[in-house]
Amino acid sequence: MTAPSSTQPITSEQAAVELQLVDTVVASFDKTEDPRLKEIMQSLTRHLHNFVREVRLTEGEWNTGIEFLTASGHITDDKRQEFILLSDVLGLSMQTIAINNTTYTGVAAATEATVFGPFFVDDAPEIPLGGDIAGSAAGQPCWVEGTVTDTNGNPVPRARIEVWEADDDGFYDVQYSDGRVAGRAHLFADENGKYAFWGLTPTPYPIPHDGPVGKMLQAVGRSPVRASHLHFMVTAPGLRTLVTHIFVDGDPQIEIGDCVFGVKESLIKKFEQQAPGSPTPDGRGLGNQTWARTRFDIVLAPQDA
């Protein structure tokens, strides 16, 4: 039996049967002790059922959806999180961030947050101020510097700064099979909140698109490419953890579109190209190699923001 299409009229009797099922399933959560869990489960049920009713989902389409989620689970491991990719490309990650990170303004507005992404590693090596996160990662050297302050303009001493990025070929270290650690590290701001390190000038790259999410993007005619960016996670006692990244001013991919909708105007920074042989801020010798530099001043919101 073929299910009715979304353009076919639904009888009042059929609509009543469908709505009765929604009410029955919603009521099944009435005894949930945690009021927040009850609210979430009942709202989720209503929205899921209303989606199915709105598009008149066929049994074949439902099975395809289950197969998609099953495949997403099978490809997910400790180095790849397909469900985060799915959340990202649907804009769900950015919507959650928008809800939970309203701009907090004191003397200065808090730095905006953006997507976390699937490639953070929590045991990245520590480097000193002015150290190099690149390791064996290929790319143009880039000097990154700035100051960490709170929204009242006070410097945040010893703020922990996690940074990670893809190499010039568009891959993070965890996407290689040789166990390398490259393009990531953590460091601490000095007593005046100042920090600096060497990284790589970011370049555009595609999110992993050899799995279910990639197939979905291909099916709907969307690009898997992300705008050039450098990830940051900044933490300090008494202040809200910031997860963000900065983008390269002039990157054409910003206009084309970031596949996870993560670009914010305030996070677009100038990466100034330096001529071969130009003196570096720390005296590092780069020979005839070009390099870039950028500044990213970070403002952390209060913990209760």
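Biologist: Is Phe120 buried, partly exposed or exposed?
Modeller: Phe120 counts as partly exposed, because its relative accessibility is 23%. Buried means under 20% relative accessible area, exposed means over 50%, and partly exposed lies in between (1.4 Å probe, protein chains only).

Biologist: What should I know about the model itself?
Modeller: This is a predicted model, in which local features need pLDDT of at least 70 and side-chain atom pairs count only at pLDDT 80 or more, while totals for chains, interfaces and linings use all residues. Residues are numbered from 1 along each chain as its sequence is written, and side-chain values use heavy atoms, with hydrogens and water left out.

Biologist: Back to rings. Which residue forms an aromatic pair with Phe120?
Modeller: The structure holds 12 aromatic pairs. In one of them, Phe116 and Phe120 are tilted, at 5.2 Å centre to centre and 45° between the planes. Rings of Phe, Tyr and Trp (its six-membered ring) pair if their centres lie within 6.5 Å; planes under 30 degrees apart are stacked, over 60 edge-to-face, and the rest tilted. Phe116 is partly exposed, at 34% relative accessibility.

Biologist: Which residues form an aromatic cluster?
Modeller: Tyr195, Phe197, Phe232 and Phe296 form one.

Biologist: Which ring does the charged end of Arg180 sit over?
Modeller: That of Tyr176, 3.7 Å from the ring centre. Arg284 lies over the face of Trp198, 4.8 Å from the ring centre. The rule: NZ of Lys or CZ of Arg is within 6 Å of the ring centre and within 35 degrees of the ring normal.

Biologist: Now helices. How do H3 and H4 pack?
Modeller: H3 covers residues 59–75 and H4 covers residues 82–89; they pack at about 130°, with axes 8 Å apart. Helices (H or I, at least four residues) and strands (E, at least two) are DSSP runs, numbered from the N terminus. Axes are lines fitted to C-alpha atoms, for helices over the stretch in contact, and angles run from 0 to 180 degrees between N-to-C directions. H3 and H4 are therefore oblique to each other. Under 35 degrees counts as roughly parallel, over 145 as roughly antiparallel, 65 to 115 as roughly perpendicular, and the rest as oblique.

Biologist: Which residues of H3 and H4 meet?
Modeller: Phe68, Leu69, Ser72, Gly73 and Ile75 in H3 meet Glu82, Phe83 and Leu86 in H4. Contact means heavy atoms within 4.5 Å.

Biologist: How many residues of H4 are buried?
Modeller: 6 of its 8 residues, so H4 is mostly covered. Among them are Glu82, Leu85 and Leu86. The buried residues pack against H3, helix H5 (92–100) and helix H6 (212–219).

Biologist: What about H3 with H6?
Modeller: Their angle is about 135°, with axes 9 Å apart. That makes H3 oblique to H6.

Biologist: Switching to strands. Where is Thr294?
Modeller: Thr294 is in strand S11 (residues 291–295). Thr294 is buried, with a relative accessible area of 4%. Leaving aside neighbours within four places in sequence, its contacts include Cys142, Trp143 and Ile246.

Biologist: And loops? What is the phi of Arg158?
Modeller: Positive, about 60°, although Arg158 is not a glycine. Most residues other than glycine have a negative phi. Arg158 is in the loop between strand S1 (141–150) and strand S2 (160–164). Arg158 is partly exposed, at 46% relative accessible area.
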